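Subject: Structure for your review

Dear colleague,

Please find below the structure that I am handing over to you. My notes on it follow directly after.

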Amino acid sequence: MTSSQGSGGRWSDLDRPPLNAPALRRALVLPDGLWTSLDVVTATGSTNSDLAARADELPEGAVLVAEEQTSGRGRLDRTWTAPARSGLFLSVLLKPAVPVHRWGWLPLLTGVAAATGLAKAAGVDTSLKWPNDVLVSVAGEERKTGGILAERAGAEAIVVGLGINVTLREDELPVPAAGSLLLAGAVSTDRDTLLRAVLRSLEQWYGDWVRADGDPDASGLQAAYTAGCATLGRRVRAELPGERMLEGEAVALDGDGRLVVATEGGGTEAVGAGDIVHLRT
C-alpha cells in the first residue's frame, strides 16, 4: 500500500484519489432533478453545520461533500472521525412540502436510499439498524459502516447528513464495532461511483415520498424499511431520554417511524428517540 506524507497528512494514501467534482455535477445536477448544486471541499468541521447556516439562502437540493470532516457529528452528540478521502461525508438540504409530522421519516428514507444505492454500486449486502445506521457484514459479524443525522434548519428546511466508511482498513477503524465497504468485500470502492448511486437513489425515494405527501405506506417507504431493517425481530434494549431503559422485542414500525417494542409484561411501547442496542439471544 503506497502512502504519501504530503499536505494531506499521514492518511493521504495515493489509492484514495479525490472526488471529481465537475464530473459529479454533470451527472447529478440536472435541469429537472432534485439536486441544484454540488460542492466538494477538502475539509470542514461539519457539512451539516455548514449547510444549515446557509439554509435560508440556498434552494432545496444543495449538496455539500467533504473529503474530510474534522468535527463530524452523529446522533446523541457522538463524534464521527475517519481518514481523509476514506469515505463519503456529505449533507443535503431538503425543504419537503409534506406535513411536518412526517419529517421524522427522512432519516429512515435516507437509510433505505443509501442501502439501495450501495447494494447496486458496491455489491454488498446491507441492512439498517433503527433509526440511523447502515450495517454490513464483516467476517460474519454485523458492523456499522454508515450513519445518518437529520437536523432542522429553520422552519422550512432540514439538513440530512450521511457518512459512509468506504476504504477504512481494520487498523483505521475508530471502534471495533465499525466496518467499511472494503472490509465487507465491496466489488467497487470508487467513491465517485458510490456517491452517484447514493444520490440518485435518494432522489428517487425522496421524490416518491413527497409525491405521496409524506405517506410512508403509499410511497412504499415503510415496507422497504421494514424489509431491510435488522432491528425488527430482535431483542433490543432502548436507552431512552431521562436514563430510562426498555427491553423487549422490536416488532414493528408505526406510522410515524417509531420502533414498537413488545415488553415482557405483554404490552408494547413506541420508541421515537433513544439509543438502540441489539442484544444477543
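In this predicted model, the second largest cavity is lined by L90, V92, T110, V160, G161, L162 and L202. A cavity here is a set of points, on a 1 Å grid over the protein atoms alone, where a 1.4 Å probe fits but cannot get out, and lining residues have an atom within 4 Å of a point. The elements that contribute two or more residues to this lining are β7 (87-94) and β11 (157-165). The most comes from β11, which gives three residues. By type, the lining residues of the second largest cavity divide into five nonpolar, two polar and no charged; Ala, Val, Leu, Ile, Met, Phe, Trp, Tyr, Cys and Pro count as nonpolar, Asp, Glu, Lys and Arg as charged, and the others, Gly among them, as polar. The space in this cavity is about 40 Å³, a volume being the space filled by probe spheres set on grid points that are joined across faces, edges and corners. Over the whole structure, the search finds two cavities of 30 Å³ or more.

Some conventions apply throughout. Residues are numbered from 1 along each chain as its sequence is written, and side-chain values use heavy atoms, with hydrogens and water left out. As the model is predicted, local features need pLDDT of at least 70 and side-chain atom pairs count only at pLDDT 80 or more, while totals for chains, interfaces and linings use all residues.

On confidence, the protein has a mean pLDDT (the predictor's confidence in each residue, from 0 to 100) of 92, and 91% of its residues reach 70 or more. Over residues 1-11, pLDDT stays under 50, and the model has 16 contacts (heavy atoms within 4.5 Å) beyond four places in sequence for them.

Turning to the sheets, both β7 and β11 belong to an open sheet of seven strands with mixed pairing, in the order β3-β4-β7-β11-β10-β9-β8. Strands are DSSP runs (E, at least two residues), numbered from the N terminus, and two strands pair if DSSP finds at least two bridges between them. One side of β3 (37-41) and one side of β8 (126-129) lack a neighbour in the sheet, because these strands stand at the edges with a single partner strand each. Neighbouring strands of this sheet are turned by 20° against each other on average, direction ignored; axes are lines fitted to C-alpha atoms, and angles run from 0 to 180 degrees between N-to-C directions. Strand β8 runs antiparallel to β9 (residues 133-138), joined by four bridges, and K129 stands opposite D133 in β9.

A further open sheet has five strands in the order β15-β14-β13-β12-β16, with antiparallel pairing. Its edge strands, β15 (268-271) and β16 (275-278), each pair on one side only. Here neighbouring strands are turned by 45° against each other on average, direction ignored.

Within this sheet, β13 (residues 244-253) and β14 (residues 259-262) pair over four bridges. The bridge partner of E249 is A262 in β14, and L253 stands opposite L259. Five residues separate these two strands in a hairpin, where G257 in the turn has a positive phi of about 85°. Strands β14 and β15 also form a hairpin with five residues between them, and G266 in that turn has a positive phi of about 100°.

Yours sincerely

Notes. 1 Å grid on protein atoms, 1.4 Å probe; cavity = no way out; pocket = protein on both sides within 12 Å on 5 of 7 lines; lining within 4 Å.
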